[in-house]
Number of protein chains: 2
Amino acid sequence: MSVTAAAGFEAAGVEAGLRSGPGPDVALVVNRGPSASAAAVFTSNRCTANPIMWSKQVITDGVVSAIVLNAGGANCYTGMLGFQTTHETAEAAGRALDLSPGDVLVCSTGLIGEQLDSTKMVSAVGRAAEALSADGGERAARAIMTTDTRPKQAVRTGGGWTIGGMAKGAGMLAPGLATMLVVITTDADLESADLDAALRTATRVTFDRLDSDGCMSTNDQVTLLASGASGVAPDLAAFTAALTDLCRDLVVQLQSDAEGAAHDVTIEVRSAASEEDAVEVARAIARSNLFKAAVFGNDPNWGRVLAAVGTTSAAFDPFGIDVAMNGVRVCRAGQPDQPRDLVDLTDRAVSVVVDLHAGLDAATLWTNDLTHDYVHENSAYSS
Amino acid sequence: MSVTAAAGFEAAGVEAGLRSGPGPDVALVVNRGPSASAAAVFTSNRCTANPIMWSKQVITDGVVSAIVLNAGGANCYTGMLGFQTTHETAEAAGRALDLSPGDVLVCSTGLIGEQLDSTKMVSAVGRAAEALSADGGERAARAIMTTDTRPKQAVRTGGGWTIGGMAKGAGMLAPGLATMLVVITTDADLESADLDAALRTATRVTFDRLDSDGCMSTNDQVTLLASGASGVAPDLAAFTAALTDLCRDLVVQLQSDAEGAAHDVTIEVRSAASEEDAVEVARAIARSNLFKAAVFGNDPNWGRVLAAVGTTSAAFDPFGIDVAMNGVRVCRAGQPDQPRDLVDLTDRAVSVVVDLHAGLDAATLWTNDLTHDYVHENSAYSS
C-alpha cells in the first residue's frame, strides 16, 4: 500500500544494480491525476545533492507528475556530470510516461562524492515505467531502502480521501530534515499552496524533530503529491491533522530502525519560555554523545542531561530544572530527588522529561542511543 | 615537575577515598609567593558545579594562594549541601595553611548529581597540607586523573622565568572549555590583569579548540598562579607566547589520551572569511558522529566532511570547497579529485584540511574519532 493507497497513483520498484548487494534500488511513483498538485520540503544543508538542486526547480510551479528515487548513490558533490545524470533520469521518465521532464522530481540516497551510473539509471527508469501498478507501493518502499532493515509505510484516511506515505532513512537522521526520502500521496483535491502549507506544518513537528545522530543530510526531501482522484476537497485543518499523524507514524518507524540503535528515546521539554527554547534544549540533549552512550548502558546518568541543557541559550534557572527518566523524577530544582537506581532503562523505549519551569511551551523530540553497532555500521559504510 | 617547576610553589597528592579504586584523588597546590597574583577561566556551561560557583567568587580580586582539586565527584547539582562541602574544603585549606579561605580555589571532577563526602575532603586537605613539597607536582598531577590513563604535564621557560602546568581530562572534551581541570604556575612577576589577558589569549586558541566529543563540562577550570619568585617581570608578549605553547602541549596530551580514541584528528580550515567562520566549520566537522565513525574505520569518507560544512552559517560557495585528508586532495571545488583509496588513515594522527576559498583567515581544531571503546567507557561510567 503506502504510496499507492490513495486513488490515482501507481508505483514500481526495480533493480538497477546501483547498490553493492542485490534487490530493487530504483523506485518510481506516478500521479495519474486528474490533478498534479504537489509540494516538497528539502534539507536545509547548504551542501546539497544534484537531485535536490533539480527538484527545487521542478517544484516551483507546484506541478509534479512523477518522482524517481534511487538508493546506491547520493549523487552529491559529483559536479556537472552528476547533475547531467539527474537531468537524464528525469528525461527518461518523461519519455517513458509521455510527460515533461520538468514535472519529474528526482531523489537519490547513498554515498556522497561518487558518480551515479547514468546508463543504469536510464535503463531502470524505463523498466520501472513498464512495471507500474496500483499495488506497487510496497515494492517502491523496498527499493529506496539503504541501511534500513524494513520498509516504512503509513496510511491515513479522512472523509472520502486517503493519504499514504513511504520513507527511508536509518543514518544521518537529523533536523532540517532528517536523512530521509519521503513520498506521500493523496487523492484529496487540494491546490499546491494548500499542500505546501499542510506539509510544512506537519514536517515542522515531525521529521524536523527526529534527531537520531545529529548529522544533517545533503539529500533529504519530503514530497507530497495530490491526484484529486477522490473528487473530495477536504477541510484543510482536518487534512493537515491526518497528514501530521501520518508523518509522526513514519518518524517513529524511522526512529525504531535507526542504524545500530538499541533504545528509542523520546525527549519532552515542558514549561519552556517558547517552543524554540523547548526544541533547542531537547536537541542539545539528543546530541550529547555522553548522554546517548549512557542510555545504551542502561545508565540513568541525569547529570549528562543537565550538562547538555546548560549549553543552550534557552531561558531557565539552573536550579529550577526537574528531570524525569522513565517516570522517575531523578532531579528536582537542580538537586538529586529520587534515587537513580529506581530508573529501569532495559526496555527499548526511553522517556526523558525536562521541566524548565520557565513558561508555557513544550516540544517533543525523538532520538536514539549511541551504540557499538552505530559505530560499527558507520565506520565501514563506503568501503 | 609540572606545577612545581616554577619557583615558589609546593604541591601534594593524597588518597581521600573518593574514587572507587585506589590511588590519590585530592591534589593541593600552594603559592608561597612573594606574589599571589592569579587568573582563571571557567566553563561556559550555564549549569555549573559548586566549585565553579565558589572559585568564580575567589578569583574576583585576582589573589589566590592555594588550589584544592579532587577526582571522584563533580559536586555538581548537589544543592546547598554540595556548596557547603566546597566551602568547608576551602576552610580546611585555610586552617592548615594559615590563609584566608577566600584565597583558596576549589576544583572537582567526577559524576554529577552525587554528594561529595565532606569529612573525607576535609581530612584529605589536612594531610595534603602536611605532604606539600617542592617536588610534589607529579603526585598532584596523578591525583586529578579520572579516566585519564596518564598524567599530563608541561613546562616552558623564558628569560629567567618558568611556567609549569598539569591537566586532567579524557571525556567531555569540548569547548568553553574542554572537560578539564588545568593548573598552571609561574614564578614570573606579573599582575593579575596581565595574567588574565595572557590566559584568555592562550586558552582561546588551545583549550577552547579541543573538541573531543562535543560535550561541554559543568566543572571546567583553567587556573594560572604567579608567585613572582623569579623576581623577573617578563615581556607580556613573550610570556603569552610561551604560555600558549605550553597550553597547546597540554591540549595534545589530552587529545592523545581521550576516552577510547583510536585517532587524533587535526582539522584545519583555511581561507575562511573570518576566524569565527573557520572555527565554526572545524567544529561542525569535529562534531559529526558519521565523520568520526568513518575515521575510526580508516574510511576517508569526505562526503561526511562536506555534509558537516553545509550545516554551518560560514561564508562559502558549496562548489568552491577543497578537502584534503592526510595530504591527499580528495575534493576540489566541490567535485571528486584524487581517488579516496590513496588516503591512508591507519596511523593514529589524521589531518583534515578544508579550504573554503572565501577569505584570509584560518583556525585549527583538535578532535578524536568515535570508537567502540568510547561507547563502552561512557555507557558504564556511573554504574
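Me: Which residue in the hairpin of strand 6 of chain B and strand 7 of chain B takes a positive phi?

Reply: That is B:G160, with a phi near 90°. The hairpin has four residues between the strands. Keep in mind that this is a predicted model.

Me: What makes strand 6 of chain B and strand 7 of chain B a pair?

Reply: Pairing requires at least two bridges between the strands. Strand 6 (residues 152-157) and strand 7 of chain B share six bridges in the antiparallel sense, so they qualify as a pair. One of the positions to look at is B:A154, whose bridge partner in strand 7 of chain B is B:G165.

Me: How do you know that strand 7 of chain B also pairs with strand 8 of chain B?

Reply: The test is again at least two bridges. Strand 7 of chain B and strand 8 (residues 181-186) of chain B have six bridges, in the antiparallel sense, and therefore they count as paired. Across this pairing, B:M166 stands opposite B:V183 in strand 8 of chain B.

Me: Why is strand 7 of chain B described as largely enclosed?

Reply: Seven of the seven residues of this strand (residues 162-168) are buried, so the rest of the structure largely encloses it. Both of its faces are covered. On one side the buried residues are B:T162, B:G164, B:M166 and B:K168, and on the other they are B:I163, B:G165 and B:A167.

Me: Let's move to chain A. Why is A:S55 called buried?

Reply: The label needs a relative accessible area under 20%. A:S55 has 0%, so it is buried. You will find A:S55 in helix 1 (residues 50-58) of chain A. Leaving aside neighbours within four places in sequence, A:S55 is in contact with A:F42, A:L105, A:V106 and A:Q221.

Me: Is A:L225 buried or exposed?

Reply: A:L225 is buried, with a relative accessible area of 0%. Its place is in strand 9 (residues 221-226) of chain A. Not counting residues up to four places away in sequence, A:L225 touches several residues, among them A:F9, A:V29, A:V64, A:I67 and A:V183. A:L225 and A:A36 are 189 residues apart in sequence, yet their C-alpha atoms are 7.1 Å apart in space.

Me: How do you know that A:R156 and A:D249 form a salt bridge?

Reply: The cut-off is 4 Å between the side-chain nitrogen and the carboxyl oxygen. Here the closest N and O atoms are 3.0 Å apart, so the pair passes. A:R156 lies in strand 6 (residues 152-157) of chain A and A:D249 in helix 6 (residues 236-256) of chain A, so the bridge ties together parts that are 93 residues apart in sequence.

Me: And why is A:D249 called partly exposed?

Reply: Partly exposed covers the range between the 20% limit for buried and the 50% limit for exposed. A:D249 has 24% relative accessibility, so it falls in that range.

Me: Finally, what is the contact between the two chains made of?

Reply: The contact takes 57 residues from chain B and 57 residues from chain A. Together the chains bury about 4600 Å², 59% of it on carbon and sulfur atoms. B:R46, B:Y77 and B:L290 supply 17% of the area that chain B buries against chain A, more than any other three residues.

Me: How many salt bridges are there between chain B and chain A?

Reply: The count is two. B:E114 and A:R340 meet in a salt bridge at 3.1 Å, N to O, so this pair is within the 4 Å cut-off. There are also 20 residue pairs in polar contact between the chains.

Notes: Residues numbered from 1 in each chain as written. Chains lettered and ligands numbered in written order. Predicted model: local features only at pLDDT ≥ 70, side-chain atom pairs only at ≥ 80, totals over all residues. Heavy atoms only, no water. Contact = heavy atoms within 4.5 Å. Buried area = accessible area lost by both parts, 1.4 Å probe. Polar contact = N/O pair within 3.5 Å; in protein donor to acceptor, adjacent residues only side chain to side chain. Buried < 20%, exposed > 50% of the residue type's maximum accessible area, 1.4 Å probe, protein only. Helix = DSSP H or I, 4+ residues; strand = E, 2+ residues; numbered from the N terminus.
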